[in-house]
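This report describes the structure shown below. It begins with overall values for the chains and then turns to one helix pair.

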Amino acid sequence: MGRTGKGAPKKGSDPFPALVYPGNVPGITDRRPNPEDLLRRVQADERRERRGRLKVFLGYASRVGKSYRMFDEGRRRKQRGQDVVVGAVQGAVTPDVQEILSCLEVVPTLPEKHGGAEYRVIDMAALFRRHPGVCVIDGLAYFNPPGSRNPERWQDVEELLDRGISVLTAVNVQHIREKQDEVERIAGKRPFDSVPQAFLLEAEEIEVVDAPPEALIDRTDGVAPDSRRLGELRELALLLAADVVDRQLQEYLDSHGIAARWGAQERILVCLTPRSNARDMLKSGLRNKRRFHGALLVAYVEQSALPAEDRRNLDANLGLAREMEAEIHRLQGDDFVDTILDFAREQRITQLFLGHSNRGRGLRLRRNATERLIDAAEDFDIRLFPHPEGK
Amino acid sequence: MSGVRRGRLKIYLGYAAGVGKTYRALEDAQLLRQQGVDIVIGYFEPHGRQDTIAKTAGLESVARQTLTYGGAQFQEMDTEAILRRKPAVALVDEFAHTNVPGCERVKRWEDVRALLEAGIDVITTMNVQHLESLNDQVWHITGVRVRETVPDWVVDEADEVVFVDLTPGALRNRLERGVVYGTEKARRAMENFFVETNLTALREMAMRHTAHEVEEKLAAAPAAHPTGAATAPAAGENSPSGTEPAGRKERILICLTGSPSSAMLIRRGKRVADYLQADCLAIHVVRNAEGREDVERHMSFARNLRIDVRIVEGEDIPRAIVEFAHGERVTQIFMGRSTPLPWWKPFRETVVQQVVRHALDVQITIVAERRRPA
């Protein structure tokens with residue numbers, strides 16, 4: 001293999017940060033596990049065993065039926081003999097939810113006034129005393145008033161989990177912090193309260209509550225919400241869930257040492273060489289990434305003694321890739337083809353983008369790199385891009 | 001055709017038996033019945049699940065027809081009887097089902113289209129693994145080659161695709177409790193298809209496909225965004241340039257041969273074309289009039305997926321492909337990998353190599369013949 005990574009972690013509150021090696025090269029990451037990483041994983045597993053289990057119901061709008069599904073699960077678990085208690089109910093309750101609540105034990109939230117605003121705060125002390133097996137918490141994104149035990153409700157949930165209480169909870173995609181720029185673009189406004197995406201990634205289970213926007217229109221008593229806006233939020237929620245599931249599947253496979261060469265997601269790898277037609281490949285890669293909601297990776301194989309002009313060219317291309325927020329990987333290996341092949345397999349690549357090796361037909365005894373890659377590629381497609389001069 | 005309003009189609013999409021698709025469809029049916037809508041059950045597969053059967057209470061069912069085939073009796077949906085009954089809405093379970101020979105139509109989705117054309121709304125159910133375009137991926141992940149498939153355009157025609165979710169853990173619990181299948185069948189299912197990693201991957205595919213359907217519908221709908229922002233969900237981010245030059249629509253050309261891997265090539269090319277909203281063509285070059293039988297099957301498969309299939313005559317296959325591509329303003333050519341040349345002919349070129357050399361202005365995708373690790 002002979003790969004080494006030199007990189008800095010990705011920005012943001014990434015719960016699984018890339019490893020940091022000396023010689024920071026911004027934007028370049030490597031995800032190979034090292035002993036520290038494995039130790040952290042074992043510790044996380046141990047912590048998880050003592051912790052309660054978290055299940056999150058994810059929707060894309062209010063009235064999509066999240067609360068109903070969550071409380072319904074609470075009821076069914078109680079029927080199966082689990083010790084279920086409701087820890088928080090949202091203000092207005094529909095008749096079908098009310099019916100379920102009537103057969104569940106409820107620990108009421110505490111009303112608190114602060115700065116003219118009225119808050120409902122989870123009665124943590126009462127829940128700790130009662131210590132149920134499962135606690136149902138609606139309105140995950142709520143803020144607590146200043147001076148509370150925790151500033152936000154999802155942190156209350158963390159505490160319940162730490163004490164071995166399993167939690168069922170519900171949240172809308174609008175409230176996921178990392179998605180709020182997009183939500184603002186779609187809906188024109190930004191919710192005040194939020195939950196970090198890392199919290200979702202920690203959940204043992206995430207369940208999507210999907211319904212067509214028309215169903216919501218019916219339930220809002222004739223007040224027609226914007227169906228395009230709802231459609232876009234719906235797509236956002238589905239893709240967020242798909243990403244979380246993909247991440248969890250990968251974690252599972254990694255921790256069980258299973259090398260899967262497949263995935264449900266398109267993963268595009270653009271191979272850069274100093275003289276490749278990078279702009280076209282990267283633009284197309286970005287477009288494909290967006291259309292497929294996939295991943296865009298860029299790799300180049302390090303070469304020693306690169307002429308100054310080639311080095312400048314490569315740096316410019318890497319700059320462009322960084323602007324596109326591609327995941328950039330610097331590879332080391334004696335053989336270009338083997339290095340790329342190993343990396344593509346390890347990363348479950350589905351499409352590999354390459355520049356034409358623009359050479360005429362002549363007498364030759366050895367096949368060129370492109371041909372060797374085509375022959376060896378069993379798990380991914382290879383897309384060859386024309387040289388600009390070829391046009 | 002007459003001026004009958006076409007019925008609306010709603011599909012409940014899941015990722016495995018037992019996630020609750022039929023249950024959700026029946027919930028809809030009950031709601032409609034309460035609202036006084038004339039709804040019937042056209043076909044319902046109880047699988048002996050009590051909670052699902054209970055949901056049919058009070059709903060009218062159209063009797064199935066019984067057919068004899070190979071000495072055995074089969075029950076199928078009686079489409080003609082539903083057409084005569086002409087309800088406003090019909091619930092039809094298992095959209096991907098293949099009818100027993102002797103029925104009017106081969107596939108249930110064809111029966112459903114007949115109902116829609118008669119102005120009947122249909123609520124149906126299917127799993128993501130039955131989508132034609134995902135057939136290879138599903139096989140790659142699960143090792144199961146799904147035989148009952150539905151072309152993607154049929155699903156794209158639906159007015160609504162709704163994702164029915166249940167976590168794999170919960171699904172396995174249901175299997176263990178014998179809710180989905182009887183216990184013996186459950187054990188076998190658990191060991192094979194219902195492995196948690198398989199379920200997780202299929203579930204992710206169903207989520208992504210539903211998102212794709214939502215996006216397609218948004219793209220087709222007239223833009224009326226209150227903020228005036230770009231309508232495509234992917235647009236609007238600050239980045240150098242995410243789109244192809246305006247006005248240059250992608251056109252994808254699939255090169256068909258008699259090779260068995262052509263089916264995979266067709267599915268892959270069509271899937272990429274669908275996601276890129278590109279036109280999709282296929283070409284088969286014949287040297288002379290003979291030798292077309294082996295490729296005939298692939299061509300009709302491609303036509304069923306609504307790919308524009310052309311047959312071109314020519315002695316020089318690579319040249320014919322490239323000329324056709326230029327004439328049709330193709331932006332991307334999809335080809336299977338050529339058989340490697342024998343070692344004693346190192347100076348010859350494969351068809352792929354020749355196309356690459358001649359079509360220097362076109363992107364060329366060589367589709368891998370994906371195999372499953374043993």
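What percentage of the 391 residues of chain A count as buried? In this predicted model, the buried share of chain A is 54%.

Among the contacts in chain A with a separation of 6 or more, 71% join residues 24 or more positions apart. In chain B, residues 24 or more positions apart make up 74% of the contacts with a separation of 6 or more.

One helix pair in chain B may be considered in detail. Helix 5 of chain B spans residues 135-142, and helix 9 of chain B spans residues 196-220. The axes of these two helices lie 10 Å apart, and the packing angle is about 160°. Because angles over 145 degrees count as roughly antiparallel, helix 5 of chain B is roughly antiparallel to helix 9 of chain B. The crossing of helix 5 of chain B with helix 9 of chain B is right-handed.

Which residues meet where helix 5 of chain B contacts helix 9 of chain B? Helix 5 of chain B contributes Gln137(B), Val138(B), Ile141(B) and Thr142(B), while helix 9 of chain B contributes Asn198(B), Ala201(B), Leu202(B) and Met205(B). By class, the residues of this contact comprise five nonpolar, three polar and no charged.

Definitions and conventions: Residues are numbered from 1 along each chain as its sequence is written. Chains are lettered from A and ligands numbered from 1 in the order in which they are written. This is a predicted model: local features need pLDDT of at least 70, side-chain atom pairs count only at pLDDT 80 or more; totals for chains, interfaces and linings use all residues. Side-chain values use heavy atoms; hydrogens and water are left out. Axes are lines fitted to C-alpha atoms, for helices over the stretch in contact, and angles run from 0 to 180 degrees between N-to-C directions. Helices (H or I, at least four residues) and strands (E, at least two) are DSSP runs, numbered from the N terminus. Angles under 35 degrees count as roughly parallel, over 145 as roughly antiparallel, 65 to 115 as roughly perpendicular and the rest as oblique. A crossing is left-handed if the near helix is turned anticlockwise from the far one by less than a right angle, and right-handed if clockwise. Contact means heavy atoms within 4.5 Å. Ala, Val, Leu, Ile, Met, Phe, Trp, Tyr, Cys and Pro count as nonpolar, Asp, Glu, Lys and Arg as charged, and the others, Gly among them, as polar. Buried means under 20% relative accessible area, exposed over 50%, partly exposed in between (1.4 Å probe, protein chains only).
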